[in-house]
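Me: I have just opened this structure and would like a guided tour. Could we begin with a pair of charged side chains?

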Amino acid sequence: MEETRNRLSLTPVLLLTAILACAGCGKEPAGQNAAAKAGGPKPIVVGSFLSLTGPTATFGRTTQQGIALAVQERNAAGGVSGRPVQVLFRDNQGKTQETGTVVERLITADHVVALLGEVASTQSLTAAPIAQQYGVPMISPSSTNPAVTQVGNMIFRTCFIDPDQGYAVARFAYDNLKARKAAVLYDQRQAYSVGLRDAFTGWFKKMGGTITAVEAYSSGDSDYSAQLGRIRDGHPDVIYIPGYYTEVGTIAIQARNLGLKMPLLGSDGWESPKLTEIAGNALDGCYYSNHYAPEDDSPQSKAFVAAYRQAYGTTPGALAALGYDAANLLFDAMTRAQSLDGKDLAQAIAQTRGFVGVTGTITMGPDRNPKNKSMVILEIKNGQPTYVTRIQPPDEK
Ligand code: PHE
């Protein structure tokens with residue numbers, strides 16, 4: 001054991017590189033398995049299904065980096081009750097059919113004790129009934145659509161939900177930007193986007209604002225000029241676009257080309273270094289709601305940012321932080337669970353109280369959502385998301 005611990009802690013960067021390079025290749029990296037090979041205690045095997053390639057690839061990749069860092073730190077500190085943790089990462093390419101296939105295989109062939117994933121709500125909604133059916137606990141780090149955890153008692157998340165996120169953007173638009181007229185352009189193929197359309201329009205109207213237009217697009221579209229033209233006719237003060245970064249980047253450029261100069265507003269699906277790579281400066285002066293900002297100066301956040309920078313050479317965003325929190329919350333529950341059987345493990349996750357994470361302190365509610373997590377609003381300045389303010393969830397739902 002001692003020898004294993006030293007070996008793991010001496011090579012964090014190498015180990016992380018091995019874990020990440022092998023993701024999705026079917027074979028597992030040697031580093032993670034060191035304890036088993038050295039005759040040490042058997043690793044606890046967890047499955048993680050993420051979009052490591054495809055149109056939401058940065059969601060999967062950064063989440064994976066956060067999870068891998070948590071695993072490496074945990075194993076260096078002795079693992080979970082003396083056993084190392086091994087995470088099998090599987091790429092669903094951002095496709096629901098692949099999600100079904102890899103999740104089923106992780107459960108029936110790899111016999112994972114728990115699942116970490118997905119980011120996009122539509123993917124989590126595909127996986128959740130499978131996990132529930134087999135009685136394997138699943139924690140989504142970052143899927144915000146309310147229906148995900150409603151699937152059953154095996155399904156949890158570590159993030160806030162969209163009714164609160166839609167409120168935060170409406171509040172910010174109405175109070176801080178003094179917007180009174182808003183248009184919405186949403187992705188009709190994503191449960192996430194449809195839910196946010198409803199949350200934002202409901203709250204904005206309740207606050208006294210007017211919705212001038214609600215227009216739809218589909219993931220993968222490339223021409224948004226018809227919808228943007230109709231939106232322009234209503235002269236909104238802001239346009240809310242609760243989509244994912246690939247489409248939003250293109251929409252921003254087309255909106256500016258059509259002479260739409262007002263701030264564009266978004267939500268966590270904007271979170272990607274690719275967003276402004278695609279949009280250039282078309283999103284400067286625009287805002288989005290998010291789970292975390294690396295400017296957060298809590299001790300947990302500072303330690304996480306330092307460790308992440310050392311491991312990967314970049315500053316972590318919300319997805320890395322949520323992946324890290326989801327993995328650590330799972331390990332914490334494992335140490336409290338009566339056994340690693342699905343029922344016992346789910347019960348321990350459900351009993352999580354005051355877990356101090358990077359994205360906030362997590363107490364699981366009876367609906368298997370963390371209670372009362374707050375949101376941050378970021379402004380894009382010179383292509384960089386910058387912290388503006390923090391917004392608490394509404395008292396009244
Ligand atoms: N909340 C989004 C969804 O449910 C996923 C997401 C979370 C994307 C955090 C980026 C950052 O689909």
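Reply: D332 and R336 both sit in helix α14, 4 residues apart, which is about one turn of the helix. Their side chains meet in a salt bridge, with 3.0 Å from N to O. Please keep in mind that this is a predicted model.

Me: How many salt bridges are in the whole structure?
Reply: The search finds 8 salt bridges. One of them joins the side chains of K274 and E277, at 3.4 Å from N to O.

Me: Where do K274 and E277 lie?
Reply: Both are in helix α12, residues 273–279, and they are 3 residues apart, about one turn of the helix. K274 counts as partly exposed, since its relative accessibility is 36%. E277 counts as exposed, since its relative accessibility is 57%.

Me: Now D296 and R390. What do their side chains do?
Reply: The side chains of D296 and R390 meet in a salt bridge, 3.7 Å from N to O. D296 lies in the loop between β10 (287–290) and α13 (299–312), and R390 lies in strand β14 (residues 384–391), so this pair ties together parts that are 94 residues apart in sequence. D296 is partly exposed, with a relative accessible area of 21%, and R390 is partly exposed at 33% relative accessibility.

Me: Let us go inside. How many residues does the largest nonpolar core have?
Reply: The largest nonpolar core has 122 residues, and L115 and W270 have the most contacts inside it. Helix α14, residues 318–336, gives the largest share of this core, 12 residues. At least three core residues come from each of domain 1 (12–160 + 296–364) and domain 2 (162–290 + 376–391).

Me: What is L115 in contact with?
Reply: Leaving aside neighbours within four places in sequence, L115 is in contact with G47, F49, V103, L106, I107, A131, V136, P137, M138 and I139.

Me: Which residues of helix α10 are buried?
Reply: In helix α10, residues 225–233, the buried residues are Q227, L228, G229 and I231. Their cover includes β6 (181–187), β7 (210–217), β8 (238–240) and α11 (245–257). Just after α10, H235 takes a positive phi of about 50°.

Me: Where does S81 lie, and what is its phi?
Reply: S81 lies in the loop between α4 (57–76) and β2 (85–91). Its phi is positive, about 50°, although S81 is not a glycine. S81 counts as exposed, because its relative accessibility is 61%.

Me: And what about H111?
Reply: H111 is a residue other than glycine with a positive phi, near 55°. It is found in the loop between α5 (96–108) and β3. With 57% relative accessibility, H111 counts as exposed.

Me: Which peptide bond is cis?
Reply: The peptide bond from G117 to E118 is cis, with omega near -10°. E118 is found in the loop between β3 (115–116) and α6 (121–134).

Me: What does R74 touch?
Reply: Not counting residues up to four places away in sequence, R74 touches G79, V80, F331 and T335. R74 has its place in helix α4, and at 24% relative accessibility it counts as partly exposed. The C-alpha atoms of R74 and P84 are separated by 7.9 Å, and these residues are 10 apart along the chain.

Me: Finally, what pLDDT does the chain average?
Reply: The chain averages a pLDDT of 93, and 90% of the residues score at least 70. Over residues 1–12 the pLDDT is below 50, and this stretch has 16 contacts in the model beyond near neighbours in sequence. Over residues 22–31 the pLDDT also stays under 50, and the model has 16 contacts beyond four places in sequence for them.

Me: How should low pLDDT be treated?
Reply: Where pLDDT is low, the predicted coordinates should not be read in detail.

Definitions and conventions:
Residues are numbered from 1 along each chain as its sequence is written. This is a predicted model: local features need pLDDT of at least 70, side-chain atom pairs count only at pLDDT 80 or more; totals for chains, interfaces and linings use all residues. Side-chain values use heavy atoms; hydrogens and water are left out. A nonpolar core is a set of buried Ala, Val, Leu, Ile, Met, Phe, Trp, Tyr and Cys residues joined through side-chain atoms within 4.5 Å. Buried means under 20% relative accessible area, exposed over 50%, partly exposed in between (1.4 Å probe, protein chains only). Helices (H or I, at least four residues) and strands (E, at least two) are DSSP runs, numbered from the N terminus. Domain bounds come from an automatic or database domain assignment. Contact means heavy atoms within 4.5 Å. pLDDT is the predictor's confidence in each residue, from 0 to 100. A salt bridge is a side-chain nitrogen of Lys or Arg within 4 Å of a carboxyl oxygen of Asp or Glu.
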